[in-house]
Amino acid sequence: DESRSKHFITQAIDADLAAGKASGVFTRFPPEPNGYLHIGHAKSICLNFGLANQYDGTCNLRFDDTNPSKEETEYVESIMDDVRWLGFQWDNLHYASDYFDQLYTWAEKLITEGHAYVCDLSSEETRTYRGSLTEPGKDSPYRKRSPEENLDLFRRMKAGEFADGARTLRAKIDMASPNINLRDPVMYRIMRAHHHRTGDKWCLYPMYDWAHGQSDSIEGITFSICTLEFENHRPLYDWYCKSLGIHHPRQIEFARLNLTYTVMSKRKLLQLVKENHVNGWDDPRMPTISGLRRRGYTPESIRNFCADIGVAKFNSTIDVVRLENAIREHLNAVAPRRMAVLDPIKLTITNWPEGQVEMMSATNNPEDPEAGSREIPFSGTLWIEKEDFQEEAPRKFFRLKKGGDVRLRAGYIIDCHDCVKDAEGNVTEILCTYDPETKSGEDKSGRKVKGTIHWVSAEHAVPITVRNYDRLFNVENPDVTDEGQSFLDHINPDSLSEITGLAEPALAESAIGDRVQFERLGYYVVDPDSEAADSIVFNRIVPLRDSWGK
Ligand code: ATP
Ligand code: MG
Ligand code: MG
């Protein structure tokens, strides 16, 4: 059960609750609205909302919108949609930008108390002065400014008296600290940029570290859960809260999700979209939540996947097969079975009474008795898959061959006696007889056949458009490249093939978002493009079995 998981974070929470260090479990999911959410974010969402559920606490959605140059309202909307679609509802909705006034007031407090100063070094100089892992930092020549002078300069920074980048506000901590984050980190930079919520009110924007912990604190967050890259930032998180004497949440880090055969950085995802390597953020090949949704993934399958991979303290890469198996498992239980032929060849039943149509009963889902059955028309002219027939086949080929027999799913056993070929020797039609004693469900013939194949009646079949999606990259880790190459060089040129297939009539009634199993082929979902297209468009979610590289 996903909501009852035990791991190092729940152990830490249990200990803090028992010791009275925390009054409850108040978490938040804090995306920066600079792109669409991806499957990695889903892990963080499931964790933060999951913990709040598990401990009867609360979880906020907070937009970490402190960097106006990259943020847009479109992203805000999509993030809310995605969180809801995953099955979670935030207790409160917040924006870090709502705290700009409070943050500014706190900055003045730190200045007054001698814990922050205005620095005139350029960003280049600031970097040099901060030193490196092997080299201690050097004090800025502006470090000794008096609180009065700092306050005056800071107010004038806010008033717009100085150019972008001319000055910063820095916390006065320790230029010799082994942790570079503590070497007088920048708190504010001057940047004239229009903000999606505060407009042009500010020309001064807070840095991530200065905004993040204080936002947590304002909201009364007790457990601030983030990814491992922030482990080195924790001393700074703690320093800010302590120096201000405000409510102090506990930051806990966990390993971010990495997945094979995809990229997850928003910068790279944005590049895929902007350069049209995919058709938008919700392209079914994207690892975004909206892409997975359009691909046909269910929220349950993503939540199950996140529960299955668990929470750890060390980075690792998860095989994408585990994500694919999660959707297979869910759809195996709930998706109705349908028949569709995607690479058709004609099959004629030579002893079928001319013009006769018989309705065959077919089980909708063998895994779910309540799903019932449907009727499928059967006639003397059918389509089957080309690859289900071989004129001369090896002994182990259990589909149809000349002189062999096979069962038609929900139909009869047929015997193949001949085939018709064109001038080049390609088979164009298969000739069979059916055995009237072998109707599915009523078979008393005692005949045993090794194979069962799917089919559709030619006269009744409906054409459908099928988009067979595959992995977007053809290597396990597209981020690893040779010199002079980029992740784009690993794009799989065959990640989408669009074909026309022939489907049983029931599929003509499909609605957008319906998910089905095409028997023996895979799971498919009806794409929103169906609305405007001449035929229904089906996206392949996953093939029935992992066939990558085979
Ligand atoms: P990028 O670095 O690509 O911009 P990000 O990590 O900065 O992504 P945010 O919007 O800041 O994206 O992330 C919101 C929350 O989701 C953060 O708490 C972050 O730790 C978490 N998160 C982001 N990516 C992953 C991932 N791959 N696995 C788990 N959690 C993640
Ligand atoms: Mg980011
Ligand atoms: Mg981030």
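Which residues come nearest to ligand 1? Select Pro31, Gly40, Ser44, Arg256 and Lys266: of the 14 residues around the ligand, these come nearest. (A residue is near a molecule or strand if its C-beta atom, placed from the backbone, lies within 6 Å of it.)

Before you go on, a word on the model: it is predicted, so local features need pLDDT of at least 70 and side-chain atom pairs count only at pLDDT 80 or more, while totals for chains, interfaces and linings use all residues. Residues are numbered from 1 along each chain as its sequence is written, and chains are lettered from A and ligands numbered from 1 in the order in which they are written.

Stay at ligand 1 and colour helix H2 (39-54) and strand E8 (223-227), which each supply at least two residues of the shell. H2 gives the largest share, four residues. (Helices, H or I of at least four residues, and strands, E of at least two, are DSSP runs numbered from the N terminus.) By class, the shell has five nonpolar, five polar and four charged residues. (Ala, Val, Leu, Ile, Met, Phe, Trp, Tyr, Cys and Pro count as nonpolar, Asp, Glu, Lys and Arg as charged, and the others, Gly among them, as polar.)

Next, pick E4, E5, E6 and E7: they make an open, antiparallel sheet in the order E4-E5-E6-E7. (Two strands pair if DSSP finds at least two bridges between them.) E4 (116-119) and E7 (204-206) are at the edges with a single partner strand each, so one side of each has no neighbour in the sheet. Zoom in on E5 (168-171) and E6 (186-190), joined by three bridges; show Leu169 and you'll find its bridge partner, Tyr188, in E6.

(Axes are lines fitted to C-alpha atoms, for helices over the stretch in contact, and angles run from 0 to 180 degrees between N-to-C directions.)

Last stop: helices H7 (208-218) and H8 (234-244), packed at about 60° with axes 9 Å apart. At the contact, Asp209, Trp210, Gly213, Gln214 and Ser217 of H7 meet Leu236, Tyr237, Tyr240 and Cys241 of H8. (Residues are in contact if their C-beta atoms, placed from the backbone, lie within 7 Å.) By class, that contact has five nonpolar, three polar and one charged residues.

Technical notes: Two residues are in contact if their C-beta atoms, placed from the backbone, lie within 7 Å.
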